[in-house]
Amino acid sequence: MLKKWAAITLSTLMAFSLAACGGQPATTSGSTAAPAAPAGSTATGDTSAAAAAAATGNGEVIKIGLIAMMTGDNPLNGERMNQGVQMAVDECNAAGGINGSQVELIVVDDQTLQDVAVTSANKLIGEGVVGIIGPHRSTNAMAVEAVVKQAGVATFTGGTSPAISTLGNDYLFRCRASDGIFAEAAAAYAKELGCKKVGVFFNNDDFGAGAETVIKQYCVDNGLEYTAEGHNTGDKDFTPQIMKMKDAGVDTVIIWTHDAELAIHARQIYELGLAVQVVSSPGVTMQQVIDMCKEEYIEGWYGVTDYVSTSDEPTLVAFKESFQVKYGIDPELYAASYYGGTVALLEGIKAAGSTDRKAVMEAVKQVKDLKVPIGTLTCDENNDLIHNINVAQIENKVPRFIQSVTVE
Amino acid sequence: MRKVVNKRMESLLRVTEITKKFQGLVAVDNVSIDMKEHTIHALIGPNGAGKTTMVNLITGVLPLTSGKVEFEGRDITGMATHNIARQGIGRTFQNIKVFPTMTLLENVMVGGHEQAPMGMVKGIFDIKGSRKEERRLKEKAEAVLTRIGMYDLRNHLMKNLPYGRQKISEIGRAMMNDPQLILLDEPAAGLNPSERAELVEVIYKAYEDGYSFFMIEHNMDVVMKISDYITVLSFGRMIAEGTPGEVQSNEEVIRAYLGSRYVEQDKRRDSYVKSEWN
Amino acid sequence: MKIKLKPLHYAIATLALAAFLPFFITNDYYMMLLNRVLINIIVVLGLNFITGLTGQMNLGTAGIFALGAYSSALFTKYTNLSPWLGLVTAIIMGVLIGRGLGYPSLRVKGVYLSLTTIGFGEVVRLLIANTPKLTGGTQGVRNIRPYHIGSYQFQTQKEMYYLFLVFTAIAFFCAWRIACSKWGRIFKSLRDNAEAVEMSGVDIASCKIKAFTVASIFGTVAGAMYAHYMGYINPSTFNLDLSTNYVIMLMVGGLGSVTGTIFGSAVVTILPEMLRFLGNYYQIVFCSIILLGAIFFPDGWVSAVTVLFKKVYQRAAKGHYAEGGE
Amino acid sequence: MGTILQLLISGIAMGFIYALVAIEYTLIWNSTGLLNFSHDKIITVGAYIFAATFIVKMNMNKPLAIVLTFMLMGILGAVIASGIFNPLRHMRSNIFAVMGTMMLGRILAEAIRLIFGPVPFTIDNWLSGTIRIGTLMVTKANVIICVVAILVVIALQLFMNFTKVGKAMRCVAQNKKAAALMGINVAQNICITTAISAIICSVIGMLIIPLFNISTTMAASIGLKGFSAGVIGGFGYLPGAILGGLFIGVVENLAVAVLPAVYKDIVSFVLLIIFLLVRPSGFLGKKA
């Protein structure tokens with residue numbers, strides 16, 4: 001019996017201590033603001049809507065939804081998305097909302113799982129959102145694709161897999177450049193660097209594998225020698241892959257993987273003395289990755305990315321400043337790109353002049369030359385919004401903007 | 001229920017020159033037993049004489065090193081345990097092996113599983129048939145329980161029954177398959193005198209119903225009371241056999257036992273204590 | 001036991017209730033949750049035979065589920081035949097898995113078995129992810145056709161719901177029949193004491209394999225349903241967490257209780273969604289609830305009340321009751 | 001040739017990590033007969049407490065931080081033991097315990113996210129740097145890990161054989177009932193064991209920081225592979241753990257030399273299954 005009480009006290013204590021201290025470190029990472037919002041609204045859509053309406057003194061509230069990976073294996077990603085989107089919404093509301101009515105953000109967590117993503121999408125649709133931001137992963141985007149099509153809700157994913165463009169789903173927009181662009185740009189830049197033999201480290205999931213096929217295609221087309229080594233998410237030791245590359249005698253390496261694996265790659269490539277030029281997936285330009293690497297690890301690496309913090313693009317600079325003011329940290333590409341996506345959605349609603357989902361979708365399709373931190377949004381026939389990406393080089397732990405590549 | 005067979009002096013279980021070696025140590029050394037039909041045959045001997053090993057060899061739980069086991073003339077050496085059981089050999093265990101989370105009735109019915117031939121898939125859809133089958137099994141189990149005088153306890157959970165009851169219930173479970181032969185591994189160990197008397201009664205009744213018993217026992221009063229024929233093991237070797245009278249007067253047996261009488265008592269105490277732990 | 005007491009008309013009543021449920025639900029989101037519950041019920045019904053009745057820890061359910069989903073999905077994709085045939089392939093796959101997993105279960109016991117099954121699950125997932133030629137790899141399989149009868153397609157959540165309700169009813173009926181028959185009894189007795197069962201002339205090897213086969217058939221069928229329901233499957237779904245969740249459902253419903261599986265699946269599928277209003281904390285709260293459940297109501301939450309009652313009663317009667325049992 | 005040698009070296013290096021993991025959960029297995037499926041999360045907690053709380057937040061000097069981390073983790077271990085292992089090991093089936101630890105794992109993971117935030121990070125000049133022999137390279141961290149792993153095993157063996165508590169632990173490992181009858185406080189003993197195990201976890205956590213960096217999922221992969229290591233070495237036998245760890249580390253690395261690299265993770269699980277079926281007692285274990 002006593003044991004059982006020990007148990008109950010332990011676990012309740014656990015839960016509460018978290019409830020208690022969850023807040024104060026969270027503010028440093030700035031996550032409390034956002035989840036607080038859905039806390040009210042997800043409980044029962046209408047009441048909270050009424051409350052919000054009362055607050056604005058205007059008849060209706062425009063609801064938009066966010067599917068982010070708050071929990072699960074890559075919570076950071078979800079948190080940054082959340083912050084970016086929240087900021088876009090707040091700015092819109094601060095500017096008097098859309099046609100006088102306030103915008104309300106409903107955040108739902110998919111644990112980076114397909115089925116939960118679909119559940120979340122259904123939940124948001126049920127709450128009557130006009131548009132949905134997220135989910136982030138391409139796989140999750142493909143999972144929700146059918147649902148949002150059926151319900152006819154404009155959805156903005158950041159999944160970069162080329163496969164998404166082939167879905168032919170009018171309601172699924174992409175607020176980041178496709179790997180068709182990313183990876184090809186990376187390969188193209190490698191060629192520019194004068195490489196003969198490209199080696200590719202790719203994460204064997206939707207993200208890496210998708211890019212790998214693109215790069216391979218490019219190399220075949222441009223007569224570059226090509227070799228690739230895959231790894232799984234969560235691997236911690238890449239010696240075999242790197243040694244294989246060394247033996248293959250590649251002169252340029254392209255890495256396409258997630259933050260954690262990227263950092264370890266950087267270290268091991270340096271330690272194992274694979275001294276070649278490196279072009280990397282966007283991760284390397286992100287602060288959290290750079291922080292995990294020693295200067296010498298990534299010095300001189302190139303990264304293709306949609307967001308370069310040091311770019312002097314006015315929209316970006318403005319975004320950066322206000323983000324720092326709001327959350328006390330630097331934004332990175334998840335925050336930036338989903339901020340852009342949200343802006344596009346809000347513009348769409350504004351242009352549509354109504355909250356009719358179809359009208360909004362049509363309006364978003366008309367988006368053209370809309371300036372956002374990560375470039376200019378122009379919707380093409382594949383519902384891809386971003387067509388330009390940037391190449392940056394790391395110089396003493398700072399990504400320096402080199403050039404912007406636009407692919408038509 | 002098994003009906004009485006007319007008593008012929010044919011051998012039911014014949015064990016010829018079986019030997020079991022656990023690497024180096026010889027547990028059973030070239031023992032031969034010839035058990036006649038419809039008898040109660042006791043196997044006695046001091047601790048470590050290899051009695052339980054014998055049972056495990058007969059039931060195929062342990063592989064023989066050498067020798068031969070025949071049952072009703074059929075060679076069952078090296079058969080799988082469940083096949084040996086299907087030949088018509090039942091068994092109880094020294095440290096009871098029952099199903100504590102099931103009721104007494106269910107415990108006994110498990111013993112009759114093989115009596116119900118219907119397959120799983122058929123059982124799903126043939127509701128009537130399976131219900132009839134189940135009823136037959138149930139009635140049989142109830143009959144057995146009545147026979148061993150535990151009918152009123154049938155719906156109690158096994159783990160809530162006293163040790164003695166659980167032990168006797170194993171005999172009931174064994175009877176469900178109508179075996180010609182039931183091996184009792186120290187049935188009286190850990191039973192108090194009244195329970196022991198009950199046990200003797202149950203065994204004897206069953207004997208009258210035509211069951212034959214091959215019994216390992218320490219408890220002399222039980223053995224002498226009910227067994228027709230006794231084989232005595234000591235350190236894996238057979239030192240004597242014969243009717244209770246002959247064995248009692250066999251001085252080698254007496255020597256083997258006098259040396260270890262106190263051990264006997266300790267042993268009995270142990271099993272009481274054990275019964276409290278389990 | 002619990003199972004035996006449930007008369008058939010309860011089941012019918014529940015079914016009727018379930019059939020009327022959609023009329024009170026307008027929101028697709030809740031319909032979807034219900035569909036997920038139905039699918040999970042089938043998996044857990046199967047798992048109940050291995051983990052609940054035979055008492056062997058199986059943490060490879062995700063692997064079984066995945067193989068079911070993929071065999072059906074890929075079959076329909078490559079042959080372009082009806083999903084119903086996909087269901088058949090799934091069942092065949094289930095039989096194979098049952099044998100494949102059953103034999104190890106004869107050799108390894110307890111925690112070793114749980115490690116083996118974990119290994120099985122992981123290997124399945126990694127193999128699916130790393131054979132893109134056949135399975136589409138980590139990109140997953142897209143536009144899997146929904147079930148249909150003749151030209152009638154089961155598209156909306158409601159239609160799916162009624163279809164799956166039928167599936168689940170059938171599955172439940174089978175599971176219930178088996179668990180209440182001599183087979184259920186044998187499975188239980190195997191959990192408690194295999195030697196004794198063997199000595200009653202029962203071939204325990206074939207029994208264990210039977211248990212695993214039934215379980216994996218249930219698992220693969222549910223997998224197939226999942227695939228044709230979602231329309232898109234991807235290996236990363238079928239990870240150890242999924243297997244864990246199924247065991248949790250079983251635990252919440254009560255090990256060995258067939259009817260409990262309904263409750264368990266419902267709770268574990270819906271509770272996290274209900275807790276979403278906790279925002280950042282909903283996962284941790286959910287896990288804590290389950291953990292406390294495991295510690296305090298080992299026989300499932302349904303039994304919690306009865307257990308409580310018993311305790312009080314025994315206090316009063318000063319009876320000595322071995323809590324939890326062996 | 002150089003490649004093969006390099007692969008061997010890094011394989012051995014990873015192997016010792018697996019070995020440490022195996023040791024840490026084998027302790028708990030021995031004393032409770034339960035598998036601690038939350039061990040990877042406990043490792044992570046150790047790393048976070050050390051790095052995030054003591055080094056980054058309080059920028060304490062490292063030796064002190066290490067000591068404090070050990071103390072905290074010891075307490076955590078004891079709490080887990082009395083909160084989960086002791087209540088759960090009496091249950092009628094080990095399923096509850098397994099599930100309990102898995103839930104604990106999830107709770108810890110969420111706790112880490114909520115308390116320390118989701119941002120992965122690392123700490124500078126902590127066991128960093130490499131040692132080169134000709135073309136071959138091994139990181140200092142790996143060398144230290146090898147040494148620590150061996151020291152831990154020796155220390156544990158001595159502790160088990162020559163101290164009263166240690167002997168008690170061995171009794172409990174062999175037969176709880178008898179131990180209890182001999183007047184050993186089993187529950188308390190389990191607390192101690194779990195505490196020690198938790199401390200070893202924190203050791204692992206600290207040692208892998210320079211290699212894996214610090215994130216909520218830093219220990220996920222070594223968690224499962226640690227199980228394989230334990231089984232292959234001989235379940236419940238500490239020196240076996242090292243052998244098993246080395247075996248897995250080396251084999252999976254060399255396998256990649258022939259197989260495509262993505263199959264690396266499958267190797268350890270396939271080995272696990274093969275061993276469980278063919279030789280459940282592993283290399284050095286007593287018959288299981």
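Predicted model: local features only at pLDDT ≥ 70, side-chain atom pairs only at ≥ 80, totals over all residues.
Me: OK, I'm new here. Which two chains share the most contacts?
Reply: Chains A and D do, out of five pairs of chains in contact. The contact takes 42 residues from chain A and 44 residues from chain D.

Me: Which parts of chain D supply the side that touches chain A?
Reply: Several elements of chain D supply at least two residues each, among them helix 1 (2–32), helix 3 (62–88), strand 2 (136–139) and helix 8 (186–212). The largest share comes from helix 4 of chain D, with seven residues.

Me: And how do the residues on that side divide into nonpolar, polar and charged?
Reply: On the side of chain D that touches chain A there are 24 nonpolar residues, 16 polar ones and four charged ones.

Me: What about chains B and C, how many residues are in contact there?
Reply: 29 residues of chain B are in contact with 25 residues of chain C. On the chain B side, helix 2 (81–86), helix 3 (104–111), helix 4 (120–125) and helix 5 (127–147) each supply at least two residues. That side of chain B divides into twelve nonpolar, nine polar and eight charged residues.

Me: How far apart are the closest C-alpha atoms of chain A and chain B?
Reply: They lie 21 Å apart, and no contact joins chain A and chain B.

Me: Let's stay on chain B. How many helices and strands does chain B have?
Reply: Chain B has eleven helices and ten strands. It has 278 residues, and 41% of them count as buried. Among the contacts in chain B with a separation of 6 or more, 70% are between residues 24 or more positions apart.

Me: In what order do the strands of the open sheet in chain B run?
Reply: The order is 6-7-8-3-9-10, an open sheet of six strands with mixed pairing. Strand 6 (89–91) and strand 10 (237–242) of chain B are the edge strands, each pairing on one side only. From one strand to the next, the twist averages 20°.

Me: How many bridges join strand 7 and strand 8 of chain B?
Reply: Five bridges, between residues 181–185 in strand 7 of chain B and residues 212–216 in strand 8 of chain B, and the two run parallel. Leu184(B), for one, has Met215(B) in strand 8 of chain B as its bridge partner.

Me: Over to chain A. Is strand 13 of chain A mostly covered or mostly uncovered?
Reply: Mostly covered: strand 13 of chain A spans residues 388–395, and six of its eight residues are buried. Four bridges join strand 13 of chain A to strand 10 (residues 302–305) of chain A, in the antiparallel sense. One of the bridge partners there is Val391(A), which pairs with Val304(A). Strand 13 of chain A is also joined to strand 14 (residues 398–406) of chain A by eight bridges, again running antiparallel. In that pairing Asn390(A) stands opposite Ser404(A).

Me: Which residue takes a positive phi in that hairpin?
Reply: Asn396(A) does, near 25°, in the hairpin of strands 13 and 14 of chain A, which has two residues between the strands.

Me: And strand 7 of chain A, how many of its residues are buried?
Reply: Five of the seven, with the strand running over residues 225–231. Strand 7 of chain A pairs with strand 6 (residues 197–203) of chain A in the parallel sense over seven bridges. Glu225(A) is the bridge partner of Lys197(A).

Me: How many residues does the largest nonpolar core have?
Reply: It has 413 residues, and Ala186(A), Ile254(A) and Ala19(D) have the most contacts inside it. At least three residues come from each of domain 1 and domain 2 of chain A. Leaving aside neighbours within four places in sequence, Ala186(A) is in contact with Ile215(A), Ile254(A), Val279(A) and Val304(A).

Me: What does Ala227(C) touch, not counting residues up to four places away in sequence?
Reply: Ala227(C) touches Ala69(C), Ser72(C), Ala73(C), Ile144(C) and Ile233(C). The C-alpha atoms of Ala227(C) and Leu74(C) are separated by 9.8 Å, with the two residues 153 apart along the chain.

Note on methods:
Residues numbered from 1 in each chain as written. Chains lettered and ligands numbered in written order. Contact = placed C-beta atoms within 7 Å. Nonpolar A, V, L, I, M, F, W, Y, C, P; charged D, E, K, R; others polar. Pairing = 2+ DSSP bridges. Axes fitted to C-alpha atoms, helices over the stretch in contact; angles between N-to-C directions. Core = buried A, V, L, I, M, F, W, Y, C linked by C-beta atoms within 7 Å. Buried ≥ 20, exposed ≤ 12 C-beta atoms within 10 Å, placed from the backbone. Domains from an automatic or database assignment.
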